[in-house]
Amino acid sequence: YGARVEDDLRYLIQYRGLGFAGVQADVRPRRDFSTDLLPQEYSTFGLGDYRESCLECEYADGSRGADLRYVSCAVRPGLTVPTGLPGVYADENAGETLEVLLRDATTGLEVVLEYGVIEACDVIVRSARIRNACKDKVILHRARSCCVDFQVPDAHDAIIFYGMHAKERVMQRTPLHHGKFRIDSTRGASSHQYNPFWIVCDPSADETHGNCYGLSFVYSGNFMAQAEVDQLIQTRLVMGIHPQGFRWTLEPGDEFQTPQVILSYSAEGFDALSNRLHRLIQTHVMRGPWRDRRPPVLVNSWEAAYFDFDEEKLFDIAKQAKELGLEMLVMDDGWFGVRNNDCTGLGDWFVNENRLHGGLKALVDRINGLGLKFGIWFEPEMVSEDSDLFRAHPDWALTIPGRPPVYSRMQLVLDMSRPDVRDYLFDAMSAILHSANIAYVKWDMNRHLSDVWSALLPSDRQGEVYHRYMLGVYDLLERILQEFPDLLLEGCSGGGGRFDVGMLYYSPQIWCSDNTDAANRLDIQLGTSFGYPVRSMGSHVSVCPNHGTGRTTPLRTRGDVALMGTFGYELDLCKLSDDEKDEVRRQVAEYKQYSELIYTGSFHRLAMPSGDSPCAAWIFVSPDKHEALLTCVRLRAECSAYQLVVRLRGLDPDRRYRISGKPYSLTGRALMTAGLAVPTIKEDYSSITFHLTAEA
């Protein structure tokens with residue numbers, strides 16, 4: 001795992017004896033062979049390796065431990081997605097998978113380590129299958145997906161992406177030192193707080209230099225990623241399902257499949273690492289017709305109307321959308337049950353005809369008649385206590401018997417581990433989607449899990465609920481997509497609270513954040529771009545002053561920032577001035593002109609909106625390097641401001657490029673080495689774009 005090396009590297013392994021480092025019985029009388037000191041491919045708890053472990057299991061007699069030894073290996077063509085989970089796929093021409101069988105000779109427990117390799121994307125995809133070949137049941141207390149041991153005692157930094165609701169994926173860099181450093185989530189979702197993607201790198205690494213190791217978890221529930229620097233200054237990385245609240249029973253013959261972890265390496269800094277991950281996700285994770293198709297320019301009703309709308313209000317917005325060149329109207333929360341605020345109605349997935357007079361199909365037909373597509377909002381995983389569903393099935397909510405539940409947004413969480421819950425949701429959602437010509441679904445999740453107890457499972461299997469919940473969500477997503485294969489699905493969890501590779505297997509785009517302020521979105525979207533393609537980021541132009549921050553930014557800037565994503569609008573188009581409507585027309589035309597470049601080109605962060613940087617800047621470059629789109633946002637206007645120069649990246653150094661608005665052309669080498677002068681901008685958060693085309 002790292003740069004390509006042709007030699008056998010066993011010469012690096014140093015056998016040594018050290019006090020309090022035990023040895024296995026079958027290597028005696030040697031004292032220099034300890035699992036506590038040597039690199040391990042899949043570390044286990046209880047038999048002498050005192051570092052963080054991947055596997056902890058309990059047998060029928062109460063003992064714990066697994067001495068896993070190599071049995072055999074095989075290579076098979078292609079990469080297969082794990083059953084019931086999202087994953088990375090590849091046919092026999094694009095990748096291959098190494099399977100290594102390990103066995104504990106004492107108990108018979110087996111582990112199959114899987115290493116999927118896609119050479120064109122320069123990635124390794126790891127997971128493990130734990131098989132109970134014992135006579136009695138085995139209880140898993142810990143079942144992680146991968147372990148990576150760096151034996152050479154190099155210093156490393158960890159780069160994580162932390163945050164909160166409306167402030168997701170903020171980059172933070174921390175030197176690793178003796179002890180354990182971890183990020184995790186026990187919220188039942190990958191969370192706003194810590195994203196399940198991180199980078200471990202050289203202390204000197206930057207965008208274009210240095211060794212970088214990226215790990216991304218293909219899972220949307222509880223997770224833990226941990227780095228440990230041990231007594232010999234070796235660094236161990238482990239990643240997988242969080243062990244807190246996890247207890248899984250394997251009956252004889254049963255298997256447990258861990259989710260996948262994507263590993264990628266770059267010797268040329270973060271830029272190359274990001275683009276490898278972007279390419280992998282877009283070609284070997286995303287699926288369906290919308291993977292390679294430009295999504296329609298939409299307007300969403302939420303910030304335009306919140307709960308205050310009817311069919312005429314939506315139709316008025318749709319008429320204005322058509323005039324301005326938009327292609328779809330999305331009806332957000334409030335169309336179903338008795339839902340006049342966020343305290344009622346969740347779970348009652350039938351149309352409220354007191355709000356939509358004449359019903360859903362009549363509205364959709366009118367909007368389709370304008371030449372627009374129609375989209376709709378669901379929050380399937382949640383239920384309101386004030387709902388017909390909860391009154392009929394209170395046991396369908398995650399609650400602990402005899403204990404009042406924790407509320408968040410005045411709603412509870414449905415027990416998605418239950419097949420009857422998923423059947424109800426599938427039937428209810430399918431009925432709505434079959435009833436009208438609906439092209440798009442926004443799938444939301446507006447609280448995290450608590451009171452995790454299922455009425456359908458016995459007491460000794462309650463530790464399975466978190467994972468079974470996530471498997472249930474994946475199952476429902478898959479059933480909906482199989483029933484409606486042309487549906488464009490956008491994931492959401494209060495914005496970016498479940499922004500992970502697992503969800504991108506089902507939805508090719510995820511609402512990046514509920515914070516639509518263009519200035520804040522610079523941090524959020526550029527932070528997200530380290531591990532996820534721009535194609536996946538739901539990003540819209542919203543009204544000013546912004547509903548969340550109160551800030552006013554230029555409409556042009558809001559459009560330029562939204563171009564770094566799945567472009568759309570989150571405002572009442574009917575309230576725009578004539579000048580603003582002209583600007584919207586220009587933005588929509590620009591998006592349609594450059595969308596192929598944005599979605600298929602490489603993406604390069606040129607300046608981050610943090611520290612002392614006077615600007616944020618990024619560039620898209622087409623695969624053939626013939627075309628590029630540069631955007632620069634000046635963060636602060638200053639009197640007597642110095643000349644701003646941005647060094648570009650990704651161009652062909654030997655070709656000359658014509659630059660929009662400039663009377664001259666320059667070589668890619670000059671633009672990347674000396675840079676491009678950006679005109680002085682006299683307004684905070686003003687933006688400018690340059691279109692570059694190579695000369696023949």
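Mentor: Let's start with Pro-29, which is found in the segment before strand 1 (55–58); helices (H or I, at least four residues) and strands (E, at least two) are DSSP runs, numbered from the N terminus. Keep in mind that this is a predicted model, where local features need pLDDT of at least 70, side-chain atom pairs count only at pLDDT 80 or more, and totals for chains, interfaces and linings use all residues. Residues are numbered from 1 along each chain as its sequence is written, and side-chain values use heavy atoms, with hydrogens and water left out.

The peptide bond leading from Arg-28 into Pro-29 is cis, with omega near 10°. Phe-20 belongs to the segment before strand 1 too, and it has a positive phi of about 70° although it is not a glycine. With a relative accessible area of 84%, Phe-20 counts as exposed (buried means under 20% relative accessible area, exposed over 50%, partly exposed in between, with a 1.4 Å probe and protein chains only).

Further along, Ile-233 sits in the loop between strand 12 (223–229) and strand 13 (235–241). Ile-233 is not a glycine, yet its phi is positive, about 60°. Its relative accessible area is 41%, so Ile-233 is partly exposed.

Now the barrel. Eight strands close into it in the order 17-18-19-22-23-24-25-26, with parallel pairing, and the twist averages 30° from one strand to the next. Angles run from 0 to 180 degrees between N-to-C directions, and axes are lines fitted to C-alpha atoms, for helices over the stretch in contact. Look at where strand 17 (residues 298–300) meets strand 26 (residues 566–570): they pair in the parallel sense over two bridges, and two strands count as paired if DSSP finds at least two bridges between them. Val-299 stands opposite Tyr-569 in strand 26.

Helix 3 (residues 311–324) lies across strand 17 and strand 18 (328–331), at about 155° to strand 18. Helix 11 (residues 578–600) lies across strand 25 (537–542) and strand 26, at about 155° to strand 26.

Helix 10 (residues 555–562) is mostly covered, since seven of its eight residues are buried. Among the buried ones are Arg-558, Asp-560 and Val-561.

Ala-518, in helix 9 (residues 518–528), reaches this helix. Leaving aside residues up to four places away in sequence, Ala-518 touches Thr-553, Arg-558 and Val-561, where contact means heavy atoms within 4.5 Å. At 6% relative accessibility, Ala-518 counts as buried.

On to the rings. The structure holds 31 aromatic pairs; one of them is Trp-302 with Tyr-306, which is edge-to-face at 4.9 Å centre to centre and 75° between the planes. Rings of Phe, Tyr and Trp (its six-membered ring) pair if their centres lie within 6.5 Å, and planes under 30 degrees apart count as stacked, over 60 as edge-to-face and the rest as tilted. Tyr-306 is partly exposed, at 32% relative accessible area. Elsewhere, Phe-161, Phe-197, Phe-270, Phe-499, Phe-530 and Tyr-532 form one aromatic cluster.

Some rings carry an arginine over the face. Arg-287 lies over Tyr-505, at 3.7 Å from the ring centre, and the charged end of Arg-355 sits over the ring of Phe-309, 4.9 Å from its centre. The test here is NZ of Lys or CZ of Arg within 6 Å of the ring centre and within 35 degrees of the ring normal.

Towards the other end of the chain, strand 31 (residues 656–659) has a covered face, Tyr-657 and Ile-659, and an uncovered one, Arg-656 and Arg-658. Strand 31 pairs in the antiparallel sense over three bridges with strand 32 (residues 665–667), and Arg-658 stands opposite Ser-665. These two strands form a hairpin with five residues between them, where Gly-661 in the turn has a positive phi of about 80°. Strand 31 also pairs with strand 34 (residues 686–694), antiparallel over three bridges, and there Tyr-657 has Ala-694 as its bridge partner.

Stepping back, the protein chain has 12 helices and 34 strands, and 61% of its 696 residues count as buried.
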